Amino acid sequence: LEQIDEKSAQLRSEKEEHANVGDVREKAEAAREKLEAMSNELAGRREVLRVLVAEKAVKLQAKKAQLQENNLQIALETMEQKLRQTTGAAYATSEFIKTKESETNYKGLTMAIGTFAEELNTLNKTRY
């Protein structure tokens with residue numbers, strides 16, 4: 001019975017609230033205006049955040065490009081250093097080869113011996 005009385009009291013209070021349709025409309029209109037104001041404010045915030053995100057994205061791309069350039073510069077310097085080392089090694093090797101060729105260059109001696117042998121043959125032919 002108490003539950004029925006409570007439910008009955010609740011329904012009466014709701015009936016009284018809804019009995020005045022003008023008040024309900026005013027409350028609904030006030031709530032709608034409040035929600036529209038909040039929606040407009042949030043839309044403004046969203047636009048501001050979109051602009052900030054776009055700026056940050058541009059800065060990020062610039063930093064990535066700069067980092068890529070730095071990495072390329074480091075790689076280029078490393079390759080240049082290796083090229084200098086390789087060029088130096090090639091020069092040292094060619095100088096070593098030239099030195100060894102000059103030490104073992106018997107072409108002149110071979111030519112001199114060949115000329116001497118021809119002279120001896122010529123002398124032998126003229127004698128005999």
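Accessible areas were computed by the Shrake-Rupley method with a 1.4 Å probe, and for residues only the protein chains shown count as cover. V48 is part of helix α2.

The model is predicted: local features require pLDDT of at least 70, side-chain atom pairs count only at pLDDT 80 or more, and totals for chains, interfaces and linings use all residues. Residues are numbered from 1 along each chain as its sequence is written, and side-chain values use heavy atoms, with hydrogens and water left out. The mean pLDDT (the predictor's confidence in each residue, from 0 to 100) is 88 for the protein, and 95% of the residues reach 70 or more. Among the elements, the lowest mean pLDDT, 81, belongs to helix α1 (residues 2–19), and the highest, 91, to helix α2 (residues 21–103).

The secondary structure consists of three helices and zero strands. Helices (H or I, at least four residues) and strands (E, at least two) are DSSP runs, numbered from the N terminus. In order from the N terminus, the elements run α-α-α. The radius of gyration of the protein is 52 Å, well over the 14 Å that the globule rule gives for 128 residues, so the protein is more spread out than a compact globule. This radius is taken over C-alpha atoms, and the globule rule is 2.2 Å times the number of residues to the power 0.38. Along the principal axes, the C-alpha trace spans about 160 × 35 × 20 Å.

The protein exposes about 12200 Å², of which carbon and sulfur atoms supply 60%. K82 is exposed, with a relative accessible area of 52%, whereas T87 counts as partly exposed at 46%.

A search of the whole structure finds four salt bridges, each defined as a side-chain nitrogen of Lys or Arg within 4 Å of a carboxyl oxygen of Asp or Glu. One of them joins the side chains of E29 and R32, at 2.1 Å from N to O. E29 and R32 are three residues apart in helix α2 and are therefore separated by about one helical turn. Both residues count as partly exposed, E29 at 32% relative accessibility and R32 at 38%. R32 also forms a salt bridge with E36, the closest N and O atoms being 2.5 Å apart. E36 and R32 both lie in helix α2, four residues apart, or about one turn of the helix. E36 is partly exposed, with a relative accessibility of 41%.

Another salt bridge is formed between the side chains of R45 and E41, at 2.9 Å from N to O. R45 and E41 are four residues apart in helix α2, so about one helical turn separates them. E41 counts as partly exposed, at 45% relative accessibility. Salt bridges that share partners join E29, R32 and E36 into one network.

Definitions and conventions. Buried means under 20% relative accessible area, exposed over 50%, partly exposed in between (1.4 Å probe, protein chains only).
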